[in-house]
Amino acid sequence: MILKRLRLKNKADRRLKLGHLWIYSNEVDTQTTPLSSFSVGECVLVENSFGKTLGTAYVNPNSLICARLVSREADRPLDKALLIHRINVALSLRERLFEKPYYRLVYGDSDGLPGLVVDRFDEVLVAQISTAGMEQVRDDVVEALNQVLKPKGILFKNRGNARKLEDLPQYVEVASGAVPEVVVLEENGVSFQAPVMEGQKTGWFYDHRLNRDRLRHYVKGKRVLDVFSYVGGWGIQAATFGADKVTCIDASALALENVHANAELNEVQHKVDTLQGDAFEALKALKDSQERFDLVIVDPPAFIKKRKDIKAGEQAYRRINELAMRLLERDGYLVAASCSMHLHRDNMIDLLRAGSRHIDRNLQILDQGHQGPDHPVHPCIPETDYIKAIFARLTVQ
């Protein structure tokens with residue numbers, strides 16, 4: 001295959017040399033290699049301003065991130081062979097880390113496959129493609145996954161803002177075999193069903209696995225509130241780990257149906273109830289009715305999706321966590337989580353400090369968590385490091 005060459009401006013190769021994978025449109029020498037000369041998703045050779053080859057990438061001339069490096073070797077374009085190799089490398093890590101086949105199998109840039117995420121539910125794989133370059137080799141992705149894992153079914157959940165930025169269509173489609181509406185998985189010894197067809201993202205969030213496991217040290221004999229519960233990832237584990245009572249709040253009726261199903265699956269249905277509605281309003285109503293909990297978990301969707309949202313998003317994190325604090329007993333515990341990459345850990349702690357002082361409570365940080373090892377962090381790409389969980393104790397002074 002003869003690839004076109006994408007030339008960078010003078011010194012624009014510095015980030016790539018340090019290990020980054022992205023190329024921005026303002027780093028391209030458009031006099032020598034006009035972006036308009038490339039088609040969307042095309043594979044190219046990247047070269048520095050002196051013509052030295054830096055590796056292969058795929059291009060989207062219409063995007064701010066106009067190219068993403070897939071290999072530092074000139075003869076390794078993004079094709080089925082490279083996909084098979086990278087998936088095998090990713091699989092070897094997960095099989096070393098996890099006894100059972102329930103994990104994020106491919107985590108985009110961190111696994112050398114920018115634009116591709118694959119979650120494994122034993123013999124069912126749910127994939128998301130977020131870039132035009134990866135969409136271009138969609139059929140190769142399916143063939144590579146089939147060759148490496150031989151799953152019973154592969155589902156594409158190709159929806160979300162990232163695809164909009166790349167001007168890609170939104171769709172959910174079974175790409176291979178058969179995929180049920182709901183799959184069963186196991187996390188931290190607890191069983192769950194996840195609605196892969198209709199649920200959020202891939203149907204489940206493996207990223208908080210280690211943080212949810214930490215709950216077992218805090219919940220025995222306690223009354224627990226799980227806010228933004230989705231299908232009960234936190235709440236059902238709390239009940240299974242020995243909580244006396246768990247209340248799950250979510251806006252989605254489908255999510256709460258799955259909470260009840262998951263409670264029955266683990267024989268803790270007598271401990272679990274649900275409340276449907278907006279989380280902010282639900283917490284205010286619980287406060288007005290003088291409800292109290294020993295431990296409150298707040299794991300909201302990303303309130304900060306873009307840099308321009310930081311101020312409003314931080315205010316939302318402050319408000320929801322302060323509302324949660326007001327529901328705690330005099331000696332209570334808060335688990336404050338965030339999946340917003342733009343919310344820095346130090347800022348998150350400061351928001352919790354400010355909220356606790358506003359209601360005249362003493363805050364102790366007991367533990368801090370991050371994403372699990374099936375979401376490895378690329379050290380040059382801060383966007384791959386996004387999960388935060390703060391375990392705190394609040395007392396009355």
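This is a predicted model: local features need pLDDT of at least 70, side-chain atom pairs count only at pLDDT 80 or more; totals for chains, interfaces and linings use all residues.
## Two residues with positive phi

Asp 122 is placed in the loop between E7 and strand E8 (124-129), and its phi is near 60°, a positive value in a residue other than glycine. Most residues other than glycine have a negative phi. A second case is Lys 201, whose phi, again positive in a residue other than glycine, is near 45°. Lys 201 belongs to the loop that connects strand E12 (190-194) with helix H6 (209-214), and with a relative accessible area of 52% it counts as exposed, because the limit for that class is over 50%.

## The sheet E6 to E10

Five strands make up an open sheet with mixed pairing, and their order is E6-E7-E8-E9-E10. The edges are formed by strand E6 (102-107) and strand E10 (171-177), each of which pairs on one side only, and the twist from one strand to the next averages 20°. Helix H2 (residues 80-97) packs on this sheet, where it touches E6 and strand E7 (116-121), and the direction of H2 makes about 145° with that of E6.

Lys 17, which lies in helix H1 (residues 14-18), is exposed at 64% relative accessibility. The C-alpha atoms of Lys 17 and Leu 69 are separated by 11 Å, although these residues are 52 residues apart along the chain.

## The covered helix H7

Of the 8 residues of helix H7 (residues 233-240), 7 are buried, and the helix is described accordingly as mostly covered. The buried residues of H7 are Gly 233, Trp 234, Gly 235, Ile 236, Gln 237, Ala 238 and Ala 239. Just after H7 comes Gly 242, which takes a positive phi of about 115°.

## The packing of H9 with H10

Helix H9 (residues 279-288) packs with helix H10 (residues 310-326) at an angle of about 25°, and their axes are 9 Å apart. Because angles under 35 degrees count as roughly parallel, H9 is roughly parallel to H10, and H9 passes H10 in a left-handed crossing.

On the H9 side the contact is made by Ala 279, Phe 280, Leu 283, Lys 284 and Lys 287, while H10 contributes Ala 316, Arg 319, Ile 320, Leu 323, Ala 324 and Arg 326. The residues of this contact between H9 and H10 divide into 7 nonpolar and 4 charged, with no polar ones. As a general point, an α-helix has 3.6 residues a turn, so residues three or four places apart point the same way.

Technical notes:
Residues are numbered from 1 along each chain as its sequence is written. Side-chain values use heavy atoms; hydrogens and water are left out. Two strands pair if DSSP finds at least two bridges between them. Helices (H or I, at least four residues) and strands (E, at least two) are DSSP runs, numbered from the N terminus. Axes are lines fitted to C-alpha atoms, for helices over the stretch in contact, and angles run from 0 to 180 degrees between N-to-C directions. Contact means heavy atoms within 4.5 Å. Buried means under 20% relative accessible area, exposed over 50%, partly exposed in between (1.4 Å probe, protein chains only). Angles under 35 degrees count as roughly parallel, over 145 as roughly antiparallel, 65 to 115 as roughly perpendicular and the rest as oblique. A crossing is left-handed if the near helix is turned anticlockwise from the far one by less than a right angle, and right-handed if clockwise. Ala, Val, Leu, Ile, Met, Phe, Trp, Tyr, Cys and Pro count as nonpolar, Asp, Glu, Lys and Arg as charged, and the others, Gly among them, as polar.
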